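Student: I have a structure open and would like to learn how to read a few of its features. Can we go through them one at a time?
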Amino acid sequence: MGTTRTSTTLIAKSLIRRVPSHSLARNPCPRRRPHHIPQRPPQSRHQFSSQTTTSSNKDWSASQYLKFERERTRPAKDLLSQIPLTSPNRIIDLGCGPGNSTAILRTHFPESHLTGLDSSPDMIAKARQTLPDIDFQLGDLQTYGCDPKDGPVDILYSNAVYQWLPPDTRLDTLTRLISTLQPGGVFAFQVPDNFDEPTHESMRAVAGSGKFSKLDDLQWGKVPFQSPAEIYDAFKPLCEDVNIWHTSYYHVLDDHDAIVEWVKGTGLRPYIDLLDDMERKEFMDMYLAKIREAYKPLYDGKVCLKYPRLFVVAVRA
């Protein structure tokens, strides 16, 4: 099996320290029970879909997402460092967002032809403004396929995208994407793996408090991402190598409100987008109270947000 390892970093305004990598304890590839979610998760910028789903049509905010640009971009760099290609011709950044991940791809592979895809007009507008020389397009991940007339794609790269896909069809979508690659092509992605973190446990607790009837049928966030074992078993029949690892980042933020600001740009969206203004305020007040209970202040009054992420780099057979 490909490498499985755990490393830890501490990040504030700058990287403070890095704890050396070490092996995962006991079972490095724990298996989770199969799950089935009949209702697809709410619209996300990473779903590349212009269709209305169970949430709202509200666009994603590039400015909100980029409030923590340094911290959000670090995993994209770590993922890129493990791609075993030196001179790829074509790279597709699936779920490019405001272009922060596309920018590091361009720096690392200056001679490659880059295309960024995202479903959010606001994200694409910001990306085009920041990187006017890159081809950015609105697109749909569910139906995306490499156009043969453009030549083979060498890298399909995704930074924090696939957690938004419906859990019961996620692996089917990922293996379909891998199957579009030529032998030697690379499928690389990282996703948050924070299902058991207080930030996400608190979301589910507030949503299930009985105060928000609009959230009663919301299935989003009720199951974790697939385990390393499930991913490996799905990918290996198509791949010559599957490299999987897990990293926990520790972000030192100013206060509890900063934690809320972080998740308000991503994980909280499926919940708060379904609520009206008064309901949203009540939800956010309850959520902030739980965050204050869960995260104890540090010596200087700041708080430390643990953010685990799962990384995969697969090479097509």
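Student: Which hand does the crossing of H8 and H10 have?

Tutor: This is a predicted model, and in it the crossing of H8 and H10 is right-handed. Helix H8 covers residues 256-264 and helix H10 covers residues 277-294.

Student: At what angle do H8 and H10 pack, and how far apart are their axes?

Tutor: The angle is about 125°, and the axes are 9 Å apart.

Student: Which residues make the contact between H8 and H10?

Tutor: From H8 come His 256, Asp 257, Ile 259, Val 260, Val 263 and Lys 264. H10 supplies Met 284, Tyr 287, Leu 288, Ile 291 and Arg 292. Sorted by type, the residues of this contact are seven nonpolar, one polar and three charged.

Student: How do H5 and H7 pack?

Tutor: Read the angle and the distance again. H5 and H7, the latter being residues 228-235, pack at about 40° with axes 10 Å apart. H5 passes H7 in a right-handed crossing.

Student: Which residues of H5 and H7 meet?

Tutor: On the H5 side they are Leu 171, Leu 174, Thr 175 and Ile 178, and on the H7 side Glu 230, Ile 231, Ala 234 and Phe 235. Six of the residues in this contact are nonpolar, one is polar and one is charged.

Student: What is the phi of Ala 160, and where is this residue found?

Tutor: Start with the general rule. Most residues other than glycine have a negative phi. Ala 160 is not a glycine, yet its phi is positive, about 60°. Ala 160 lies in the loop between strand E6 (155-159) and helix H5 (170-179).

Student: Is Ala 160 buried or exposed?

Tutor: Compare its relative accessible area with the cut-off. Buried means under 20%, and Ala 160 has 8%, so Ala 160 is buried.

Student: What does Arg 128 contact, leaving aside its neighbours within four places in sequence?

Tutor: Arg 128, in helix H4 (residues 121-130), is in contact with Phe 136 and Gln 137. Its side chain reaches the backbone oxygen of Phe 136 at 2.7 Å. The relative accessible area of Arg 128 is 45%, so this residue is partly exposed.

Student: How far is the C-alpha atom of Arg 128 from that of Gly 116?

Tutor: The two C-alpha atoms are separated by 9.6 Å, and the residues are 12 apart along the chain.

How values were computed
Residues numbered from 1 in each chain as written. Predicted model: local features only at pLDDT ≥ 70, side-chain atom pairs only at ≥ 80, totals over all residues. Heavy atoms only, no water. Helix = DSSP H or I, 4+ residues; strand = E, 2+ residues; numbered from the N terminus. Buried < 20%, exposed > 50% of the residue type's maximum accessible area, 1.4 Å probe, protein only. Contact = heavy atoms within 4.5 Å. Polar contact = N/O pair within 3.5 Å; in protein donor to acceptor, adjacent residues only side chain to side chain. Axes fitted to C-alpha atoms, helices over the stretch in contact; angles between N-to-C directions. Left-handed = near helix turned anticlockwise from the far one by under 90°. Nonpolar A, V, L, I, M, F, W, Y, C, P; charged D, E, K, R; others polar.
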